[in-house]
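Below are some notes for a colleague who has not seen this structure before.

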Amino acid sequence: MIITELFRYYERLRDAGDLPPYGFSTEKVTGCVVLHPDGGVLTVEDMRQDVAAGKKMVKRPLLIDAPQPPRRTVAILPGFLCDSAAYLFGVAERDKQARALDQFAASRVRHEAVLAGINHPAARAVLDFFRSWEPGRMPPVSDPEILSGWLVFRQRNDEDFIHDLPEIRAAWERTLLAEEEGAAVGQCLATGEEGQPIARIHPAVKGVPGAQTAGAALVSFNDDAYTSYGKTQNFNAPMSTRAAHGYTAVLNHLLAQRGERHIVIGEVSVLYWTDRPTRFEKDVGLVFGRPEERAEDKDLAREIGAALDRLAKGRDGLFSEEVGARFFVLGLSGNAARLAVRFWVADGLGAMADRLAQHFRDLDLITQWDNQPRRPTVWALANETKAKYRRDGDHARPDPNDKGLAKLQGDLLRAVLGGGAYPASLLAVLLDRIRADHTINHPRMALLKAVLVRRRRLAGLGQEGDSLVSLDPNRTDPGYRLGRLFAVLERIQQAAADGRDLNATIRDKHIGAASSTPRAAFPFLLELAQKHLKKVRGTKGGLARVLDAALQDIQGPLTGFPATLDLEQRGLFFLGYYHERADRKTGKGAAADPNSADSDTADIEDDTPVVTIPIPE
């Protein structure tokens, strides 16, 4: 199923001219060997491009469609008109020079076999080059680094590469057909066609994190324990040479589009596409990928907002031409020379759109700031499972040394795409992260809220997503009430500090104990709050009464402090804490920021009526 859909996608892109045909591939070329008509080398032209990398310019290879080089291990296997300096010039490091001479000899035999009988000046120039070149001699080149990558050919005073000339391409295609005739034949598992030449080894797939830089195999057999009926290597999973070329070509194409149809979450490469061109294919990257910091580009911001609004409508947001299309998502991770399939999702576009819309509804949560994205991406959510720098507060960035939990991140994306339950361990992981780094920000709380809401819905306990979007003063869950109470206690401490920076707040010291063993933590915190309130009354009597009233209002439904809170109540604790803090941003919360309200509260006398004072943070 996976290989079949990849091959169909390849055929669509090949027919559109976006991918090269069978026998060709897109390669990173660093140099071009410029030949005289008699086969002499004029120069090795630098094909690299200057590309901005941060504040400096670096040279990057040029992507060119060229005859596909063979996949090599130990054996000497020459390519055709696109190869390394060792095969084309016999040049290599000193300890590999003897092998380079053999490589050059094999390359000469290969080119003589392919170009034999071709009456074309370019073919004669290439053959004369291999017959006259002294292997091991350094070619004329301005920078030795040019010889470190793939090299191609062109004639002097000719802009076209030799491999692009119609006569040369025809010769290469005839060679491929002749090689197919000598190959083992059978039924292709990807296409179902009979009598197809079967690929013994499939081309390498490059660009997956954790895999070898030279490429890895999605389909491979390297041990007798995995083979059957005396068959070796990929004859155990027979696929035609064209299907093997097609699915690997489209995989490499997708992997090269980092940020478009390819995102990396943890150690998983996520590739996605549709069976026909759709706008959804582009928009869905906003759900998965890394958010771009382009707030100054208002047109882009509006475009992104409109795309997310369409996705939030589910199938109702699809365009008419998208109805009936299918959507595919493939998750890959590397393991040295092989690739592992982490997940595979294939479904109708309407069903997938509805699942993403449900994901948005589950995530929906009041933001901390007005300009904060309300819908965090899956990439941002996965980062919330990592440890963060403790002293950076709610703006903390993930610790770069924490690679995260790869399986958990893959399971998280699978839940988003499949509409099933989030990983069973996700709630515990989030709570442990909060306890360790004390970071309580919007993406983390949105994910925590989504876990709780989806768990209750799938368990048949009703829909409560709307009641957890923002502050719910009527909610009586002990965890939720205690979280709100803790937020007010923190406000009281900050009010008592009167604008001074505190070395450590009660959040820094006590939020872990308050969220897990409230009976042991809250009596001390309430006693401390009374001392802080006494100090506040001396300077801001009105504010002190507002905060004291908030304490009484929140504690009203509580019949006491439970000894411990289970995981769900601990999750509600942090949601209540977050809601209470976020509510004051609207100017309605009783625990509004006391430090920005000196002019509004300092002169209120003791007989001033109790009011809610809108003081932004």
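How much space lies in the largest cavity?

1. The model is predicted. In its largest cavity there is about 60 Å³ of space. A search of the whole structure turns up three cavities of 30 Å³ or more.

2. The lining of the largest cavity consists of Arg279, Phe280, Asp283, Arg310, Leu311, Gly314, Gly317, Leu318, Phe319, Glu322 and Ala353. Two elements, α7 (280-283) and α9 (298-312), each give two or more residues to this lining. Sorted by class, the lining residues are five nonpolar, two polar and four charged.

3. Helix α15 (residues 478-497) and helix α19 (residues 567-583) form a crossing pair: their axes come within 6 Å and cross at roughly 40 degrees. Because of that angle, α15 counts as oblique to α19. The crossing of α15 and α19 is right-handed.

4. Which residues of α15 meet α19? On the α15 side they are Pro478, Gly479, Tyr480, Leu482, Gly483, Arg484, Phe486, Ala487, Val488, Glu490 and Arg491. Their partners in α19 are Gln569, Leu572, Phe573, Leu575, Gly576, Tyr577, His579, Glu580 and Arg581. By class, this contact of α15 with α19 comprises 10 nonpolar, five polar and five charged residues.

Key. Residues are numbered from 1 along each chain as its sequence is written. This is a predicted model: local features need pLDDT of at least 70, side-chain atom pairs count only at pLDDT 80 or more; totals for chains, interfaces and linings use all residues. Side-chain values use heavy atoms; hydrogens and water are left out. Axes are lines fitted to C-alpha atoms, for helices over the stretch in contact, and angles run from 0 to 180 degrees between N-to-C directions. Helices (H or I, at least four residues) and strands (E, at least two) are DSSP runs, numbered from the N terminus. Angles under 35 degrees count as roughly parallel, over 145 as roughly antiparallel, 65 to 115 as roughly perpendicular and the rest as oblique. A crossing is left-handed if the near helix is turned anticlockwise from the far one by less than a right angle, and right-handed if clockwise. Contact means heavy atoms within 4.5 Å. Ala, Val, Leu, Ile, Met, Phe, Trp, Tyr, Cys and Pro count as nonpolar, Asp, Glu, Lys and Arg as charged, and the others, Gly among them, as polar. On a 1 Å grid over the protein atoms alone, a cavity is a set of points where a 1.4 Å probe fits but cannot get out, and a pocket is an open set with protein on both sides within 12 Å along at least five of seven lines; lining residues have an atom within 4 Å of a point. Grid points are joined across faces, edges and corners, and a volume is the space filled by probe spheres set on the points.
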